[in-house]
Amino acid sequence: MKKIKTYAIFLVTILVFIMNGCVEEIDLETLTFERVLVVEAVITNELKYQEISLSRTFKFEDGGAAPEANANVIIVDNFQNSYNFTEILPGKYVSSEEFQAQPNAEYQLIINTNDGKTYNSKTTQLTQVTPLTDVYAERTTDSFNNDGMAVYVDSYDPTGNSKYYRYEYEETYKIVAPYWVLNDFVILSYSPPFRYTLKPKTSEQLTCYNTSFSKEIIQKETNDLAEDRVTKFRVRFIPQTNPIISHRYSILVKQYVQSIDAFTYYKTLNKLSLSDNVFSQNQPGFFASNISSVTDSNEKVLGFFEVSSVNSKRIFFNYYDFYEGEPLPPYFVECTFGAPFLGSFPGDTFLPPMYQLIDEGKVKYYRPNPNYPNPQNEVEGKYLVVPIECGDCTKLGTNIKPDFWE
Amino acid sequence: MRKLLLILFFLSFHVLNAQDSNEKISISFTNSKTIDVIQKTEAVSTYRFYFVASWLDTDKVFSGTYVDAPINRILSDLFGDTVINYYIAADNRIVLSQNSIIYDALPIDFFGEEKKDIVDEETKPVLYNSDVTRKTSGVETIRIGKESKNSKEKKYTLTGKVKNVVTNEPIPNLVLTIPDKNINEVTDIDGNYSIDLPVGVNNIEFKSLGIENLKKRIIIYSDGTYNFELAENLELLDEVIIDADKDKNVKEAATGITQIQIKDIKTIPLVLGERDILKVATTLPGISTAGEGSTGFNVRGGKTDQNLMLLDNAVIYNPTHFFGIFSALNPYTTGDLDIYKGSIPAQYGGRLSSVFNISTKSGNKKSFKGEGAIGPVTSNLTLDIPIVKDKSSLIMGGRATYSDWILKALDDENLQNSQASFYDAIIKYDHQINENNHLETSGYYSKDVFSVSSDSLYDYSNMLMSIKWDHDFNEKHKSSLIFAHTRYDFNIKYDGVSNTDFDLGYKIQETEIKFRMKYTLNEKHDFDYGISSKLYNNEPGNIQPKGSESIVEPLNIPKERALESALFISDNFNISEKLLLDLGLRYSFYAFLGETTQNIYAEGLPKSDGTLINTKDYGKNEVAKTYGGPEIRASARYAFTPSFSFKASYNHNYQFIHTLSNNTTASPTDTWKLSDLNIKPQQADQFSVGFYKNFDGNLYELNVEGYYKISNNILDYKVGAELLLNQSIETEVLQGDGKAYGIEFLIKKTKGRLNGWLGYTYSRSLLKLDSEFNEEIVNNGDYFPSNYDKPHDLSIVANYKLTKRYSFSANFIYQTGRPVTYPIGNYVLNGSEYVFYSNRNEFRIPDYYRLDIGVNIEGNHKIKKLAHSFWNISIYNVLGRNNPYSVFFVTENGEIKAYQSSIFSVPIPTITYNFKF
């Protein structure tokens, strides 16, 4: 029997091996490099200061996007309106006045860069305006059978013109520091004789909020469905082990209705950025956007000029609404206790370990050490400490309650 | 004279001794008489001596001590310095003879009369008898006549009869050949032969289908007669076939022909225990794959869909299992694989790059036989069943994985949800109706099921059947009528959490009828002509909602039908001994048939939803579009010497069917598309020339061949094209020009303890996608390397037979890395980083190299045992080279990560047990 088992394990190893192949991360090096203009321009039907970002491609070894500064950005429509954009941060351009995209108008983006080149977009119309019918959360499992919370959307366009949807979300969650105590360890003297005191915290460190934004491209098309209806489309899945759902969680889902061109552009972009599996890959390559160089038609331009209708909805839920009586997800960091040595030996001029850790902001005071004094370990300190995130939530978010929080 | 004969006599001793039994003797003698030594030896061994006592020298005494000594050592010590000679027969009889007496008694007509009876060894000194003649597996020496001082003849004639030792029937058509002197004779219908031999030593070999290969050394001094009795040997069938074709490479007019026989690959190292004839094909020049784990072959810079893969005359669409890691051909039933990559015979058409003609063995018509293998991934069983003895037989082969239930039985959830299994089965019936009629029919089925994630399940299958009826009108006029049907399909079942579950299916079928005639006009002309017609039924895809809650709208892309017909004729024209022409012409005619609706796009604009101006409906069987034209298939051979030739060929081909795949490499879920109003057929012209030289009686083969190929309307795709379930595929594809050229070297050692080959190819394969519209231009409309362009390709395959039981093999493969489209920078869009890609295929992945080794251990050779067996131990990728299969880039949490994937990055050892009964 043991033999059979060994054999089975061997077989499985082989199969897993074949199926997953061997995928390993490798270091990238830029072989050749082209500084190509990247345009991020989504104009919506919301009345607001519209934003456009310009940057350049960068090498892998370089840190981040190089903003394209000092460009002249303008949007014109077929009613002879033009909207000027001013640069508020390097590469970030904001319309000089508030405006919203109107149905039936045709918009064109014109960019004059600092190096004297001109880029035009194709003219684009606002897409069908379709409201989100519903956003809701359910406890479920993902395709790998992980337990967690899923956020779904429903939408319906009776005109059948929307068809192409892209979603973004903004999630905000409440953080409660698990080892928050009333008092802080406050250093009174940084030189011998070292002195400290325990006194109440002066700021809110128990409850905080943090917000993050979706980064992936989430799309849905209803072209292949009988009606233009999005039903229970999952925009977000949060495994039960993710601490962001520990207390109260809120998600704002934004639905953009896209044109087929914009949808295809994002879809291709997404397709090329995901790995399917070892055995099938897409043909990668450069794909044309609706922005091109007037000066040199062979020049590559990245990014898409989009005029989209947008609609959004926010929902809230609590962990115990779905996980009543079940343990909380693990905290963001592991909260292990420490008892750093508090005292110092005569003649020492450097800060004792406890002082040093507090001073560097690595730990928070928790409570007196019940084992103190410890005859076996003379350097065990008088107080227990925890990693700072466990005692001070502001390290993970803001202590200011967002306006929309309810 | 006497001395000379004596020397010859002694020379032959070694040979005769070669067949000694292995019995070892421990014995010692002190001043014993010869007769005592013999008696003592008989007492401790199974050897029995036959001699006349008076020959023995009674005065001579002998001493010696032997421990585990072979009998011949004792005998050579004992008789070494005497006039006594000894002969050890196979059944441990030792026949002594007195040298001088034999010499004196060897009469001119000693072999003159047929000796059927065993000579009475008790009374007569006997050197040879017919028993010995047929049992000797080493080389036996036969002397004819006696050298006479008066003889001035340079050649003498040896005549006689060859009989089957078992049935005592004459053996006709047996080839008697003296390879080093280029003398060949064939026995007539009654088994009689007459062969002229130069005076002295001649090494004669006997060859015929089903007869054991035998070698004899004949020393001839006058005309004489000698009768041979040979045994049947069915197991050596393969070897005999090979020898018949061994100078095919030099003699035929066609260029770019490769033949692989399953026997050649028995010892080649295996991956996961599977013997794979197609994998062996890729070690030959001009044939490659995109990488490990990719289905399909690239032949001479052609796409993977450009190969006509025939299994017993029926097209097999996907001859691989498990993403191309295993071949779908049963190694135990597969006979030969003929690959045409240069000159494609006029009888084949419809694919641009090559023909892979795979034939299944015929079953054994005499006795029931079986063969099997147990490997780590699959097990395999083949049965040979005679139906009517000597007339008809059946061969059946089956193979299946047993991975699935193990995966299911495991605790790990991810593995439980995984699935990977396959099986295939083949059956072939062979019936020799009479002398002029022969019928063959085959059926084949293969299926793969696998899942990559828990919510989707993929499966695909091949189904083939074919019937071939050969009829000979007369000696000169022969015909074959072939009917073949093929089906290939795949399905994807998706069962996720939302209400978009579906069932997606694809299916293609083709049915072909072909009538082919062979007409031998005279010695100079051999005609091959016929007609073929093939009906395609392509179901490009349908999707059905799965479950009542699914809101997936059922969609059925309308069926496509087309008829591809051809007339072909070719003449193998033997102008002179030196010049041979093979002139072929094929006329292909293709009709895309209704019922169909074709999209019509505005002229002078790129095809897209926006430029669609009209659609046109065609009724059932109405011809919507036709294509076609003549295809010239010409080749010529000029022989400088019988073993050295030059060849040149020109080929034109049409292809009306295309794969749709936006993966870099072929995958089992690629669909096929028939040429229609908007998609034109592919065409190619190939020129090739080559030199072919065989050395040392075909022991070494050297081939050098160059080619230049241009092709038109090769299908490629826009970036990220959506090909499945697309009703207007033409808006996603691009058709461009291809250009490929290369030079191929192959040196092969065909026989001997060390055999194998070395192949090297330098080649390029380029594509050009140009258009007047920006969105249809790739790489500025310049030629760029195709996905499978691998300029340097070196393969070495070597086998070494250490003993009868142990043989070693190794292969080494080196290839230039495949081209890839490499990211040349990053950019940020909506807070996420993305990769900015280079021009298509501007860079290459690192070079590929791999060494595999294997050991074959044959079971013992006891005659009485249930099954003959052998073990194969292989290590794939011994060097553990982490060969990158691809390099790809993923945006994870807004950051770019580069990954390289490899299929087998560590040495993979496998052990397989094979048995035959």
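**Questions on the predicted model**

User: Is Arg56(A) buried or exposed, and what is its relative accessible area?
Analyst: This is a predicted model. A residue counts as buried when its relative accessible area is under 20%. Arg56(A) is therefore buried, as its relative accessible area is 4%.

User: How many residues apart are Lys267(A) and Glu221(A) in the chain?
Analyst: The side chains of Lys267(A) and Glu221(A) meet in a salt bridge of 3.2 Å, N to O. The pair links distant parts of the chain, with Lys267(A) in helix 2 (residues 260-273) of chain A and Glu221(A) in strand 17 (residues 218-221) of chain A. Lys267(A) is partly exposed at 25% relative accessible area, and Glu221(A) is partly exposed at 24%. The separation is 46 residues.

User: What is the N to O distance in the salt bridge of Asp676(B) and Lys673(B)?
Analyst: Asp676(B) is buried, with a relative accessible area of 3%. Lys673(B) is buried too, at 6%. Their side chains meet in a salt bridge with an N to O distance of 2.9 Å.

User: How many salt bridges are there over all chains?
Analyst: Some charged residues are linked in a network of salt bridges, among them Arg300(B), Lys341(B), Glu705(B) and Glu744(B). Over all chains, the count of salt bridges comes to 35.

User: How many aromatic pairs are there over all chains, and which kind of pair do Tyr179(A) and Phe337(A) make?
Analyst: The count over all chains comes to 55 aromatic pairs. The ring centres of Tyr179(A) and Phe337(A) are 5.4 Å apart and the planes stand at 85 degrees, so the pair is edge-to-face. The pair links distant parts of the chain, 158 residues apart. With Tyr179(A) partly exposed at 24% and Phe337(A) partly exposed at 41%, the kind of pair is edge-to-face.

User: Which kind of pair do the rings of Tyr654(B) and Phe656(B) make?
Analyst: Both Tyr654(B) and Phe656(B) are buried. Their ring centres are 5.8 Å apart and their planes are at 5 degrees, so the pair is stacked.

User: Where does the nonpolar surface patch of chain B draw its residues from, and which strand gives the most?
Analyst: The patch has about 1,000 Å² of accessible area together, and its residues include Met465(B), Ile467(B) and Trp469(B). Strand 29 (456-472), strand 30 (477-494), strand 31 (502-520) and strand 35 (579-593) of chain B each supply at least two residues. Ile467(B), found in strand 29 of chain B, counts as partly exposed at 35% relative accessibility. With 3 residues, the strand that gives the most is strand 29 of chain B.

User: What is the phi of Asn841(B), and where does the residue lie?
Analyst: Most residues other than glycine have a negative phi. Asn841(B) is not a glycine, yet its phi is positive, at about 55 degrees. Asn841(B) is buried at 4% relative accessible area. Its place is the loop between strand 51 (832-837) and strand 52 (843-844) of chain B.

User: Which residue does a cis peptide bond join to Tyr372(A)?
Analyst: Most peptide bonds are trans. The bond in question is cis, with omega about -5 degrees.

User: Which element of chain A has the lowest mean pLDDT?
Analyst: Chain A has a mean pLDDT of 86, and 90% of its residues reach 70 or more. Over residues 1-20 of chain A, however, the pLDDT is below 50. Where pLDDT is low, the predicted coordinates should not be read in detail. The element with the lowest mean pLDDT, at 43, is helix 1 (residues 2-20) of chain A.

Terms used: Residues numbered from 1 in each chain as written. Chains lettered and ligands numbered in written order. Predicted model: local features only at pLDDT ≥ 70, side-chain atom pairs only at ≥ 80, totals over all residues. Heavy atoms only, no water. Patch = residues over 30% accessible without salt bridge, like charges linked within 9 Å, V, L, I, M, F, W, Y side chains within 5 Å. Areas by Shrake-Rupley, 256 points an atom, 1.4 Å probe, with all protein chains shown as cover. Salt bridge = Lys/Arg side-chain N within 4 Å of Asp/Glu carboxyl O. Helix = DSSP H or I, 4+ residues; strand = E, 2+ residues; numbered from the N terminus. Buried < 20%, exposed > 50% of the residue type's maximum accessible area, 1.4 Å probe, protein only. pLDDT = per-residue confidence, 0-100. Contact = heavy atoms within 4.5 Å. Phe/Tyr/Trp six-rings, centres within 6.5 Å; stacked < 30°, edge-to-face > 60°.
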